[in-house]
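I set down here what I looked up in this structure. The entries follow the order in which I worked.

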Amino acid sequence: MSRRVVITACSAISPIGYGKKDIVAALKAGVSGVKPLRDDGLLANRIHSKVFGTVDYPIAFDFARQFRKTMGPVANYACQVAGDVLAASGLEQDFISSGRLGVAFGSTHGSPTVQRDIYRTFFQQLDSGFSSIGAVDYLRSMVHTTAVNITRMFHITGRVIATATACTTGSQAIGFGYEAIKFGLQDAMICGAADEYDTTTVAVFDNLLACSVAFNEHPEQTPRPFDKRRDGLVVGEGAGAVLLEDYESAKQRGAPILAEVLGFACTNNGGDMILPNLDGITATLQLALKNARLKPEEVDFISAHATATKMGDIIEAQAIAKVYGQNRSATPYVSGLKGYTGHTMGACGAIELIFALYMMQEGFLAPTLNLDEIDPRCAMIRHTPECMDAAVRIAAVQNFAFGGVNTCLLIRKGADAS
């Protein structure tokens with residue numbers, strides 16, 4: 001059994017806006033969501049990188065107390081975007097709770113804010129017990145807190161997939177949800193990922209010398225994917241969710257079909273835990289095309305992972321060139337969307353897929369922000385030169401994670417017969 005899978009609703013909270021209107025406006029205007037790192041009183045003064053892709057606008061999170069008590073910041077983000085897609089979907093509660101709707105959702109490591117409070121209490125109260133740790137603190141902090149809080153709040157009884165593979169968390173969630181529907185295990189899936197603001201994450205990458213430090217006085221000028229002056233990634237926050245459905249069911253109920261998921265690949269390099277691997281990434285891109293039954297020349301646009309690390313961008317550019325060729329008048333346009341938001345960690349695959357979807361719908365392509373001078377070692381691909389009108393029919397979304405995990409998703413605008 002193999003079914004077509006379509007996207008019928010989506011929502012994103014990002015450093016450049018919440019919802020389609022604000023995000024599209026920011027992409028077209030070249031607005032950066034990178035801001036100065038907040039002083040958390042703990043780590044910020046010890047971290048070399050002083051920038052963060054920040055959600056700095058208010059969000060109501062108008063949830064009933066019975067749900068809020070098991071939610072940390074990351075679950076707030078997750079439930080907000082999941083609620084948005086359900087509200088837009090028109091699905092009846094009978095279906096939502098029928099077992100035919102599932103959830104594939106994740107985060108990098110649950111809620112580090114809550115985890116840090118728990119550990120602080122443990123170490124400060126070694127002699128007096130741990131009575132100040134709440135009964136629900138683990139539920140607020142655990143790695144699958146996003147997925148299960150969504151199921152609880154919306155009374156979803158289908159399968160639960162809680163992804164937690166760092167930078168590929170969101171794209172894995174969407175890919176695994178796609179497979180669950182394609183092979184008849186579910187009729188619909190809410191898929192995505194979220195990550196919250198926390199300086200611990202910055203400290204980890206800062207310690208690995210992977211963070212941007214040269215633009216602390218000018219946060220909007222970093223990260224710089226593929227640029228000659230790039231000096232590392234910028235950690236960010238946000239959330240993205242899509243509703244995936246069986247095409248025939250969606251068509252029968254008159255749901256708006258935003259895009260079709262054509263293919264997905266997920267592989268591991270089987271080697272180094274940190275350094276990118278050209279062969280592994282290349283194989284992933286090729287496998288995704290094969291899964292989607294597409295030729296390279298059919299792809300119009302690539303949303304690159306492009307974190308603005310020194311080697312990561314070079315290896316990814318080389319892999320794109322190997323798969324799609326180096327004839328820059330015929331190969332897909334490429335943009336690194338983290339230039340706008342920073343690296344939203346586990347959420348990046350979901351957020352960047354939604355950005356690509358918005359651009360497909362609105363008929364334009366946003367260039368890589370801060371790409372002022374292309375690194376000659378990344379020059380073999382067809383960089384999007386400026387914000388431009390473009391009829392994008394098929395797009396690829398690429399993400400790669402520590403541990404050697406590689407993903408690629410391919411989507412097509414609408415649901416053209418094939």
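This is a predicted model: local features need pLDDT of at least 70, side-chain atom pairs count only at pLDDT 80 or more; totals for chains, interfaces and linings use all residues.

I call a residue buried when its relative accessible area is under 20%, exposed when over 50% and partly exposed in between (1.4 Å probe, protein chains only). Residues are numbered from 1 along each chain, and side-chain values use heavy atoms, without hydrogens and water.

Entry: strand S7. I take helices (H or I, at least four residues) and strands (E, at least two) as DSSP runs numbered from the N terminus. Which way do the residues of S7 point? Ala 188, Ile 190, Gly 192 and Ala 194 point one way, Met 189, Cys 191, Ala 193 and Asp 195 the other, and all are buried. Because eight of its eight residues are buried, S7 (residues 188-195) is largely enclosed by the rest of the structure.

Entry: neighbours of S7. I count two strands as paired if DSSP finds at least two bridges between them. Strand S5 (residues 101-106) runs parallel to S7, joined by six bridges; Gly 102 has Met 189 as its bridge partner. Strand S8 (residues 238-246) pairs with S7 in the antiparallel sense over eight bridges, and Gly 240 in S8 stands opposite Ala 193.
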